[in-house]
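Please read the points alongside the coordinates.

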Amino acid sequence: MLVLDSGGLSRLSGRTKTAVSLIRAFRAQELWPPVVPTMVLVESLYGDPRRDANTHRFLKTCIIDTSVSESTARRAAELRRLARVGSAVDALVVALAEPSGTVLTGDRADIEALAAEANRVAVEVV
C-alpha cells in the first residue's frame with residue numbers, strides 16, 4: 001500500500017515529467033492507486049477551485065480514506081510519543097501505512113522518525 005502525505009500528494013498532482021515517472025514506477029511495483037487520508041486534504045488544498053484543479057483531478061485516481069479508527073488514532077499517538085517528532089497528520093499517515101506500507105513524502109525527517117517506530121513502514125521521499 002502506498003499512502004501519500006501532503007508533500008507526496010502535491011508532487012504527484014503537479015503534472016510534471018517527474019510525477020509521471022513516479023506514477024509509472026509505483027504502478028510497476030503494484031503500489032497504485034495510492035491511499036490519501038482525508039486529513040491530508042486539509043494540508044494540501046487551498047479551498048480555491050482554480051488553485052486546486054490539478055489536485056482534484058489527481059485525487060480521482062486515488063483511494064480516499066475517509067475514516068480513522070480509534071485504534072489507528074491511538075497508534076498514531078503512540079508513534080508520536082516514541083518518535084518525539086511529527087504532526088498528528090504525519091503520525092496518522094504512518095499509522096495507516098502499517099504494516100508493510102510505503103509513505104510518499106516531502107518531509108523526510110519527521111516521517112522517517114515516525115516510520116522507524118512503526119511496523120515495517122518504508123519511506124519514499126520526493
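1. Strand 4 (residues 102–105) and strand 5 (residues 122–125) run parallel and are joined by four bridges; strands pair if DSSP finds at least two bridges between them. V103 stands opposite V123 in strand 5. Between the two strands the chain passes through helix 7 (residues 108–117), and this β-α-β crossover is right-handed, that is, clockwise from the first strand over the helix to the second with the strands pointing away from the viewer. Helices (H or I, at least four residues) and strands (E, at least two) are DSSP runs, numbered from the N terminus.

2. This is a predicted model: local features need pLDDT of at least 70, side-chain atom pairs count only at pLDDT 80 or more, and totals for chains, interfaces and linings use all residues. Residues are numbered from 1 along each chain as its sequence is written, and side-chain values use heavy atoms, with hydrogens and water left out.

3. Strand 4 also pairs with strand 1 (residues 2–4), in the parallel sense, over three bridges. T102 is the bridge partner of L2. Both faces of strand 4 are covered, with T102 and L104 buried on one side and V103 and T105 on the other; buried means under 20% relative accessible area (1.4 Å probe, protein chains only).

4. Helix 6 (residues 88–97) is largely enclosed by the rest of the structure, because nine of its ten residues are buried. D90 belongs to this helix.

5. D90 is buried without a salt bridge, and R80, the nearest side chain of opposite charge, is 7.9 Å away. A salt bridge requires a side-chain nitrogen of Lys or Arg within 4 Å of a carboxyl oxygen of Asp or Glu; Lys and Arg count as positive and Asp and Glu as negative, while His and the chain ends are not counted. Neighbours within four places in sequence aside, D90 is in contact with D107, D110, I111 and L114, contact meaning heavy atoms within 4.5 Å.

Key: Buried < 20%, exposed > 50% of the residue type's maximum accessible area, 1.4 Å probe, protein only.
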